[in-house]
Amino acid sequence: MGDKGGDNHSEVTDFILVGIRVRPELHSLLFLLFLIVYGMVLLGNLSMIGIIVTDPRLNTPMYFFLGNLSIIDLSYSTVIVPKAMVNILSQKKTISFAGCVAQLFLYALFMVTEAFVLAAMAYDRFIAICNPLLYTVRMSRSLCMQLVAGSYLCGWVSSILQISVTFSMSFCASRVIDHFYCDSNPIEKISCSNIFMNKMVSFSLAVLIILPTIVVIVVSYMYIVSAVLKIRSSEGRKKAFSTCSSHLGVVSLLYGTVSFVYLTPPSNPELRKVASVCYILFTPMLNPLIYSLRNKDVKDAMKKVLWKKKVVL
């Protein structure tokens with residue numbers, strides 16, 4: 001379908017975010033749910049960052065990546081949740097055009113960056129288990145910083161491409177986005193432009209992001225499993241697997257919720273919103289718990305911090 005009329009995106013000053021459709025009497029309950037879970041996201045990820053920064057024993061590549069993962073989780077949740085909470089209680093559920101561009105850009109940036117950081121973490125575990133004697137040489141501080149910087153660069157480039165094609169469309173039909181944040185799919189639905197190029201760019205970006213990260217993770221764990229099975233002692237195998245279980249849990253949680261979001265039928269937008277809540281709120285809430293409950297070093301560091309506070313009090 002070609003462009004209709006003379007209106008275009010330059011004449012759009014704001015959008016209306018429909019949000020999650022619930023009965024008016026449930027708005028306060030929904031706001032409270034968002035507030036509690038977002039508070040746990042802040043507490044969990046800030047605590048994880050603080051522990052990693054302050055404890056010298058956690059000055060390793062694995063925890064360097066984990067600290068960046070917490071920053072990313074905290075960031076993409078913060079990009080969306082506060083505005084969504086304001087709109088839940090507000091009669092005027094609007095977001096400015098510039099605000100919508102910024103929200104989609106930052107959301108895409110952190111989402112893509114997280115995928116590449118998780119791939120880097122899988123490579124780190126592969127080196128630690130399959131080449132332990134060369135670990136300190138191969139996983140140098142400079143390489144770790146380059147991997148994280150490269151992850152952010154990939155996120156930055158993909159986000160620029162995504163918003164370029166999304167906001168080059170004409171919006172002459174409606175300003176109402178049927179979602180609680182600015183995402184490319186619901187924005188495309190209110191456009192009266194031909195969105196074939198948008199779909200092709202989105203598909204190409206998905207392939208270029210998902211395929212290499214999944215390949216790195218799967219191949220790394222194939223080598224890891226092969227190496228662990230060669231360990232003769234059951235205690236050694238258990239210890240080796242325990243270093244990977246937290247990462248596998250986070251990877252499964254991320255790709256599971258993202259798949260739920262983007263494989264949900266477009267004909268059921270409310271289900272897609274619920275799936276988005278799982279990804280934007282519950283995933284960043286659970287990631288610190290997975291690492292703190294499954295990782296002995298993190299638990300020891302947390303006990304040390306709590307003990308110091310107890311002594312001070």
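A nonpolar core is here a set of buried Ala, Val, Leu, Ile, Met, Phe, Trp, Tyr and Cys residues joined through side-chain atoms within 4.5 Å. Buried stands for under 20% relative accessible area, exposed for over 50%, and partly exposed for the range in between (1.4 Å probe, protein chains only). The model is predicted: local features need pLDDT of at least 70, side-chain atom pairs count only at pLDDT 80 or more, and totals for chains, interfaces and linings use all residues. Residues are numbered from 1 along each chain as its sequence is written, and side-chain values use heavy atoms, with hydrogens and water left out.

The largest nonpolar core has 89 residues, of which Phe15, Phe34, Phe167, Ile187 and Tyr279 touch the most other members. Helix α3 (residues 97–130) supplies the largest share of this core, 21 residues; helices (H or I, at least four residues) and strands (E, at least two) are DSSP runs, numbered from the N terminus. Beyond its neighbours within four places in sequence, Phe34 is in contact (heavy atoms within 4.5 Å) with residues including Ile20, Val81 and Leu281.

A disulfide is a pair of cysteine sulfur atoms within 2.5 Å, and the count is one. Cys100 and Cys182 form this disulfide, with sulfur atoms 2.0 Å apart. Cys100 lies in helix α3 and Cys182 in the loop between β3 (176–177) and α6 (184–189), so the pair ties together parts 82 residues apart in sequence. The S-S torsion is about -125 degrees, so the disulfide is left-handed. Both cysteines, Cys100 and Cys182, are buried.

| Residue | Relative accessibility |
|---|---|
| Cys154 | 33% |
| Cys278 | 25% |
| Val219 | 37% |
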